[in-house]
Amino acid sequence: MASLSFTQIKTKNPVAEFAKAHPKTGLLRSRRVGFRVLASETQKEPDLSVTVNGLHMPNPFVIGSGPPGTNYTVMKRAFDEGWGAVIAKTVSLDASKVINVTPRYARLRVGVNGSPKGQIIGWENIELISDRPLETMLKEFKQLKEEYPDRILIASIMEEYNKAAWEELIDRVEQTGVDAFEINFSCPHGMPERKMGAAVGQDCALLEEVCGWINAKATIPVWAKMTPNITDITQPARVALSSGCEGVAAINTIMSVMGINLNNLRPEPCVEGYSTPGGYSSKAVHPIALAKVMNIAKMMKSEFNDKDYSLSGIGGVETGSDAAEFILLGANTVQVCTGVMMHGYGLVKKICEELKDFMRSHNFSSIEDFRGASLEYFTTHTDLVRRQQEAVKQRKAVRKGLQSDKDWTGDGFVKETESMVSN
Ligand SMILES: Cc1cc2nc3c(=O)[nH]c(=O)nc-3n(C[C@H](O)[C@H](O)[C@H](O)COP(=O)(O)O)c2cc1C
């Protein structure tokens, strides 16, 4: 499916073009998704800056498309607080077709005995894309780029299954001076009848056609945002990259039903007594997002390792450690959406410091020093069995623990089980 001989037909931005032509200038990222760790001998202040598809960011933290990128005021705030880049709330040509409901959020908390005051770990939304007029959003993108010419503003876009509509949207948004596009092929709720969002991302034939239209028109880098609501996320990711996209972003929200109110038997979030499945985000989705990103990174490493393709990890990031995990799996950037809704824009300062602490503890001086470093430790279950049998064989000579579970005494099951592994 993947085509390594894909020919770029776009005229990219000059910085990206220069970087592609002059890889030794250091403008381009390393071609590797996974590599060995290099520790420097003298400890310097870790450098969080990244250059992705020719776009330079002071740190890898990107505002994920959603409420934190709704309007000029909040996006300006994100730049002022120090976010590496901002992805605006998804826009389409005709906002009058986008009709939101209230309430549109429901939360999952962990609290003692189901206390409603517990920490939020899961967040469901049935929010659609931006319902603000496109003209207004375009004016705000332009103003932001005029005021912050060196900062990276990415427009998230979504349209119907209509080539002319996609071309018009791309043209109008590009004129504002935004640095890149993220294509929303992944919104899980609303408007599937218009073949929008996940309806495209879940159908590889449709995706290939739409990516073809987009990449023939766009002259700035394009990231395809993937839905996790599909059996094998590497399939649409492969289609997007071989159809001309420069990067993949994953994941959008996971299809969910937050719960049922046991007093009135109605589902949440409840709109006039009814609900509809929504998109799940926040801490609870982080392990699922890591698995999806790992699968995409492995596929990219084996099939798309020859070009400047990028990967953006998204899902449940609230700490520098959460971000380090995505980067260790090969992500170039890390997006945060619900985390900003809960903790505010100042969160970026905390996660930058935490990521630097992690880097110091390993003597990493740049993001590239550890990007993809954990990828090689994923294998199949069959291989785990083979490795363990091999290790057991090698340790046979120094028998310390029990031989098998027939020898368990019942005193300390965990200790006895572990002693079998060291046999
Ligand atoms: C309320 C809400 C609205 C969202 N709206 C959009 C959107 O307009 N476009 C989009 O691509 N993703 C949207 N997302 C998805 C997020 O960008 C992100 O992919 C997802 O929430 C997982 O990341 P998180 O756990 O950091 O929130 C939205 C998420 C939330 C919670």
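**View 1. The bridge partner of Ile63 in strand β4 is Val86.** In this predicted model, the pairing of β3, which spans residues 61–63, with β4, which spans residues 85–87, is parallel and extends over two bridges.

**View 2. Strands β3 and β4 belong to a closed barrel of eight strands.** The order of strands in the barrel is β3-β4-β7-β8-β9-β10-β15-β16, and the pairing is parallel. On average, and with direction ignored, neighbouring strands of this sheet are turned by 25° against each other.

**View 3. Helix α9 crosses helix α11 at roughly 60°.** The axes of α9, formed by residues 320–328, and α11, formed by residues 347–362, come within 8 Å. The crossing of the two helices is right-handed.

**View 4. Residues of α9 and α11 meet where the two helices are in contact.** From α9, the contact includes Gly320, Ser321, Ala323 and Ala324, and these meet Ile351, Glu353, Glu354, Leu355, Asp357 and Phe358 of α11. Sorted by class, the contact of α9 with α11 has five nonpolar, two polar and three charged residues.

**View 5. The whole protein chain holds 13 helices and 16 strands.** Of the 423 residues in the protein chain, 44% are buried. When contacts between residues at least 6 apart in sequence are considered, 73% of them join residues at least 24 apart.

Note on methods
Residues numbered from 1 in each chain as written. Predicted model: local features only at pLDDT ≥ 70, side-chain atom pairs only at ≥ 80, totals over all residues. Pairing = 2+ DSSP bridges. Helix = DSSP H or I, 4+ residues; strand = E, 2+ residues; numbered from the N terminus. Axes fitted to C-alpha atoms, helices over the stretch in contact; angles between N-to-C directions. Buried ≥ 20, exposed ≤ 12 C-beta atoms within 10 Å, placed from the backbone. Contact = placed C-beta atoms within 7 Å. Left-handed = near helix turned anticlockwise from the far one by under 90°. Nonpolar A, V, L, I, M, F, W, Y, C, P; charged D, E, K, R; others polar.
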